[in-house]
Amino acid sequence: QVQLVESGGGLVQAGGSLTLSCAATGNIASIMAMGWYRQAPGKQREWVATITNGGATNYATSVKGRFTISRDNVENTVYLQMNSLKPEDTAVYYCNADHYRDSLYVGTSWGQGAQVTVSS
């Protein structure tokens, strides 16, 4: 079992920056990739970015060039640096971790969510 604890959300003006952190504890050896999703009011949860254990990254088109995902394998923490924030980035941001056993996907853990609000 893995626990994910997010921090770093808050209120920022459009054009500003925020960094989210997600610390993983527990059975971290099973984690192959970590990432971020977000859910705006009245909308479905959408994928934002992913980083694999090998450091490969991938981004949703809506955030590419503005957001950067990174990870500290020593601290078992993944970060989401968000620059040039827009009001449409307002959402609850969720950290996730994909678990594998013998190269087979076995499930996903989720954090509790961090509110990001961008004012215009």
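Student: Asp89: buried or exposed?
Tutor: Asp89 is buried, with a relative accessible area of 1%. Buried means under 20% relative accessible area, exposed over 50%, and partly exposed in between (1.4 Å probe, protein chains only). This is a predicted model: local features need pLDDT of at least 70, side-chain atom pairs count only at pLDDT 80 or more, and totals for chains, interfaces and linings use all residues. Residues are numbered from 1 along each chain as its sequence is written, and side-chain values use heavy atoms, with hydrogens and water left out.

Student: Where is Asp89?
Tutor: Asp89 sits in the loop between strand 8 (77-82) and strand 9 (91-101). Strands are DSSP runs (E, at least two residues), numbered from the N terminus.

Student: Which residues is Asp89 in contact with?
Tutor: Leaving aside neighbours within four places in sequence, Arg38, Arg66, Phe67, Ser84, Val116 and Val118. Contact means heavy atoms within 4.5 Å.

Student: New topic. How many disulfides in the whole structure?
Tutor: A search finds one. Cys22 is joined to Cys95, S to S 2.0 Å. The cut-off for a disulfide is a pair of cysteine sulfur atoms within 2.5 Å.

Student: Which parts of the chain does the pair link?
Tutor: Distant ones: Cys22 is in strand 3 (residues 18-26) and Cys95 in strand 9, 73 residues apart. The link is left-handed, with -80° about the S-S bond. Both cysteines, Cys22 and Cys95, are buried.

Student: And where does Gly8 lie?
Tutor: In the loop between strand 1 (2-7) and strand 2 (10-13). Gly8 is partly exposed, at 35% relative accessible area.

Student: What does Gly8 touch?
Tutor: Leu18, Thr19 and Leu20, not counting residues up to four places away in sequence.

Notes. Helix = DSSP H or I, 4+ residues; strand = E, 2+ residues; numbered from the N terminus.
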